Amino acid sequence: MESWKSNCLVIESDPEARQKITNCVSVHGFGMVFCDGLKTCPPLEHEPDTIIFGPGAIMSEDDDVSDMELLIRECQIPILCWPDQKAMLDERYEDVHSYHGCEDITHMVLSYVLSHARRRNIREMMLNAVEGISHLNSGEFVFKNFEEAQALARLLSSLSPDKKILRLGMMELFVNAIEHGNLEITHEEKIDLRNQGRWVEEIEKRQEDAVFRERCASLKLKRDNDRLYLRLEDEGQGFDWEKVMKAMQEKANLTKSGRGIVIVQKSGLENISYIGKGNIVECSFEITNKEGL
């Protein structure tokens, strides 16, 4: 794939169906990569700007978290799928939209690819901006949106030998601080928005609202030998974290919003604890032997 070009990842096992999707997308000049299912996708040279599930896509219901799922969840890559696939994909991913035919694909893929490419470019610029402060032993970062959060998660996770899953764990916490904290989107509202395919739209709408637009999340960090300690605080109303954590311990399923909490628990983030009303979370992780950050 060419690094300057937006690309679509097409999940489809049937050659004829692959060709039909190619005909729908090629009018826009986007590159395409094909695989039978997410679990069998080889490592990609470049991040796709949208993912299209064809009717013959191999769907997996197991609880393992693949590298491709990590990438989709961390980068909020939009997904296009058949209506009968949407419920299963909504269990794992945030930005899922259904289509009914080639005309829908042609129209939708242009909108979602351009939107994600814009956010991806902002994230990369943010990442380049923060890389120059990589030798601090302590510091504080402030972020408002997903692009800034992704850049920060990538910077910090580079300190860990298990950086992929750690990066996603941090992103889950950062996303919670933005959407549930600063933007006050409840878990019930999020599920409804995802089912309607309006989650990203609502995030962007609230970020422009006078009530929420000045709110930030802050991340304070401090290194102690080979461990980095994080303190994340948002400006939201908090939540009944004791009740939520108890429910997760009793039923640690990997569906809906609960999947994010389980991923955080498995990511390498340790000593996770909420403080006060729940708008502050502290945690730590082991880092590689580097001088400073």
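Q: Which residue in S2 is the bridge partner of leucine 9?

A: Two strands pair if DSSP finds at least two bridges between them; strands (E, at least two residues) and helices (H or I, at least four) are DSSP runs, numbered from the N terminus. Here, the bridge partner of leucine 9 in S2 is valine 33. Strand S1 (residues 7-11) and strand S2 (residues 31-35) run parallel and are joined by 5 bridges. This is a predicted model, in which local features need pLDDT of at least 70 and side-chain atom pairs count only at pLDDT 80 or more, while totals for chains, interfaces and linings use all residues. Residues are numbered from 1 along each chain as its sequence is written, and side-chain values use heavy atoms, with hydrogens and water left out.

Q: Which strand is joined to S1 by 4 bridges?

A: That strand is S3 (residues 50-53), which runs parallel to S1. Within this pairing, valine 10 stands opposite isoleucine 52.

Q: What unit do S1, helix H1 and S2 make?

A: A crossover is right-handed if, with the strands pointing away from the viewer, the path from the first strand over the helix to the second runs clockwise. In this model, S1, H1 (residues 15-25) and S2 make a right-handed β-α-β unit.

Q: Why is S1 described as largely enclosed by the rest of the structure?

A: Buried means under 20% relative accessible area, exposed over 50%, and partly exposed in between (1.4 Å probe, protein chains only). S1 is largely enclosed because 5 of its 5 residues are buried. Asn7, Leu9 and Ile11 cover one side, and Cys8 and Val10 the other.

Q: How many residues of H5 are buried?

A: In H5 (residues 146-157), 11 of the 12 residues are buried, so this helix is largely enclosed by the rest of the structure. Among them are Phe146, Glu147 and Arg154.

Q: Which strands pair with S10 in the antiparallel sense?

A: Strand S8 (residues 227-233) pairs with S10 over 7 bridges, and glutamate 233 stands opposite isoleucine 280. Strand S9 (residues 270-275) pairs with S10 over 4 bridges, with serine 273 and glutamate 282 as bridge partners. S9 and S10 form a hairpin with 4 residues between them, and glycine 276 in the turn has a positive phi of about 60°. S10 (residues 280-286) has 5 of its 7 residues buried, so S10 too is largely enclosed by the rest of the structure.

Notes: The expected span of a helix is 1.5 Å times one less than its number of residues.
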